[in-house]
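Please find below a colleague's note on the model under review. The comments are arranged as numbered points.

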Amino acid sequence: MIVNGTGLKSSRRMGHMSIDGPDGTLETLRDLKARRIFIHINNTNPVLVDGSPEHAHVISKGWEVAEDGMEVVL
């Protein structure tokens, strides 16, 4: 949000875990052997843009990115 000018606080400062980086979700949960879906993403996050480098990076790490209306059957 800071990079694209839509906010002044970092994710960590807002109490959220970063997606990337040494303390981020991708690294922290890298060994989890379950389906992994990012579901709580700010609408300005480029991870939501299919085809963006950020989206491709998350997918390359074995994650899915939730979409509007997505249903997950448990």
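1. Basis of the note. The model is predicted, so local features need pLDDT of at least 70 and side-chain atom pairs count only at pLDDT 80 or more, while totals for chains, interfaces and linings use all residues. Residues are numbered from 1 along each chain as its sequence is written, and side-chain values use heavy atoms, with hydrogens and water left out.

2. Aromatic pair. The structure has 1 aromatic pair, where rings of Phe, Tyr and Trp (its six-membered ring) pair if their centres lie within 6.5 Å, and planes under 30 degrees apart count as stacked, over 60 as edge-to-face and the rest as tilted. Phe38 and Trp63 are stacked because their ring centres are 4.3 Å apart and their planes stand at 25°. The pair links distant parts of the chain, 25 residues apart: Phe38 belongs to strand β1 (residues 37–38), and Trp63 to the loop between α2 (53–60) and β2. Helices (H or I, at least four residues) and strands (E, at least two) are DSSP runs, numbered from the N terminus. Phe38 is buried at 9% relative accessibility, and Trp63 is buried at 7%; buried means under 20% relative accessible area, exposed over 50%, and partly exposed in between (1.4 Å probe, protein chains only).

3. Thr25. This residue lies in helix α1 (residues 25–28) and is buried, with 8% relative accessibility. Leaving aside residues up to four places away in sequence, Thr25 touches Met17, Ser18, Ile19, Phe38 and Trp63, contact being heavy atoms within 4.5 Å.

4. Salt bridges. The whole structure contains 3 salt bridges, each a side-chain nitrogen of Lys or Arg within 4 Å of a carboxyl oxygen of Asp or Glu. Arg35 and Glu64 form one of them, at 2.5 Å from N to O. This pair also links distant parts of the chain, with Arg35 in the loop between α1 and β1 and Glu64 in strand β2, 29 residues apart. Glu64 is partly exposed, at 27% relative accessibility. Shared partners join Glu27, Arg30 and Asp31 into one network: Glu27 meets Arg30 at 2.2 Å, and Arg30 meets Asp31 at 4.0 Å.

5. Surface patch. Met70, Val72 and Leu74 make up a nonpolar patch on the surface, with about 340 Å² of accessible area together. Val72, in the segment after β2 (64–65), is partly exposed at 41% relative accessible area. Patches are made of residues with over 30% relative accessible area and no salt bridge; like charges are joined within 9 Å, and nonpolar side chains (Val, Leu, Ile, Met, Phe, Trp, Tyr) within 5 Å. Accessible areas come from the Shrake-Rupley method with a 1.4 Å probe, and for residues only the protein chains shown count as cover.
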